[in-house]
Amino acid sequence: MGKWISALKWGAAALIAVAVIVLIVMWKRKGGVPVEAGFDSRIELTGQEIRRIEQIGQWEFLSVQAEVVADTVRSGIFSDDRLVAVYTGVPRIGIDMKMVEPDWVSTRGDTVALRLPAVHLLDKAFIDEARTRIFNESGKWSNGARRELYGKAYRKMLRQCLTASNLKRAEDNARRQFDAMFKAMGFRVVEIAFVK
């Protein structure tokens, strides 16, 4: 029994000695154990995330409501025949993600660089033929003449809608949306270039 009491005394003395040493070390450091925190600024994009973005397909950034008047005149012996029609359409400007190059996205640290296809007309069938109104029609007109009038309206609407300022607006909208999307993924800097 005496050995147990002696061992307990020595154990208690050793425990007190260790506690005193720990307290002295902590007192000398005056701040406890130093901890270092670091931040890894590298952000990884997986192939699956890139494919999901590519699968968006056509991405519209600007649609322009348009209405144009097209007319044609055919000279006759006694009078002229005239055909006037009002065409309505919505040309949509954007990018097609299926046109991106294989290396369209690259990352370094907290920066992502994107090489996107140039903004362009997404759908060539933008005139709503059901809403076409004949404004004035005199004489008989063949289907070929009506198709020519449609072509005239189509080209006029393209000139009216695919202007440099509208293409720039669509590009600016694309920049804003891609910037927001990649910043939501954690990137701090988003560099965007459009490949002409």
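Here is a walk through the structure shown above, from its sheets to its core and its pocket.

What you are looking at is a predicted model, in which local features need pLDDT of at least 70, side-chain atom pairs count only at pLDDT 80 or more, and totals for chains, interfaces and linings use all residues. Residues are numbered from 1 along each chain as its sequence is written, and side-chain values use heavy atoms, with hydrogens and water left out.

Let's start with a sheet. Strands of a sheet pair through backbone hydrogen bonds, either parallel or antiparallel. Here, an open sheet of three strands runs in the order E5-E6-E9, with mixed pairing. The names come from DSSP runs, numbered from the N terminus: helices are H or I with at least four residues, and strands are E with at least two. Two strands pair if DSSP finds at least two bridges between them. At the edges sit strand E5 (105-108) and strand E9 (189-195), each pairing on one side only. On average, neighbouring strands of this sheet are turned by 15° against each other, direction ignored. For such angles, axes are lines fitted to C-alpha atoms, for helices over the stretch in contact, and angles run from 0 to 180 degrees between N-to-C directions.

Now follow strand E6 (residues 111-117). With E9 it pairs in the parallel sense over seven bridges, where Leu114 has Ile192 as its bridge partner and Pro117 stands opposite Val195. Four bridges join E6 to E5, and these two run antiparallel; Thr107 stands opposite Val112 there. The hairpin of E5 and E6 has two residues between the strands, and Gly109 takes a positive phi near 65° in it. Is E6 covered or open? It is mostly covered, with six of its seven residues buried, where buried means under 20% relative accessible area, exposed over 50%, and partly exposed in between (1.4 Å probe, protein chains only).

A second open sheet of three strands has the order E1-E4-E7, with antiparallel pairing. Strand E1 (58-63) and strand E7 (120-121) stand at its edges with a single partner strand each, so one side of each has no neighbour in the sheet. Five bridges join E1 to strand E4 (residues 92-96), and Ser63 has Arg92 as its bridge partner in E4. Helix H4 packs on this sheet, touching E1 and E4, and its direction makes about 130° with that of E1. Touching, or contact, means heavy atoms within 4.5 Å.

The largest nonpolar core has 40 residues, and Tyr87, Trp104, Leu114, Leu116, Phe178 and Phe182 have the most contacts inside it. Such a core is a set of buried Ala, Val, Leu, Ile, Met, Phe, Trp, Tyr and Cys residues joined through side-chain atoms within 4.5 Å. Its largest share, six residues, comes from helix H3 (residues 143-161). Beyond residues up to four places away in sequence, Leu114 touches several others, including Trp104, Phe178 and Phe182.

Over in strand E3 (residues 81-89) lies Thr88, which counts as buried because its relative accessibility is 4%.

Finally, the largest pocket holds about 150 Å³ of space. H3 gives the largest share of its lining, five residues, and Leu83, Tyr87 and Tyr150 are among the lining residues.

Methods
1 Å grid on protein atoms, 1.4 Å probe; cavity = no way out; pocket = protein on both sides within 12 Å on 5 of 7 lines; lining within 4 Å. Points joined across faces, edges and corners; volume = space filled by probe spheres on them.
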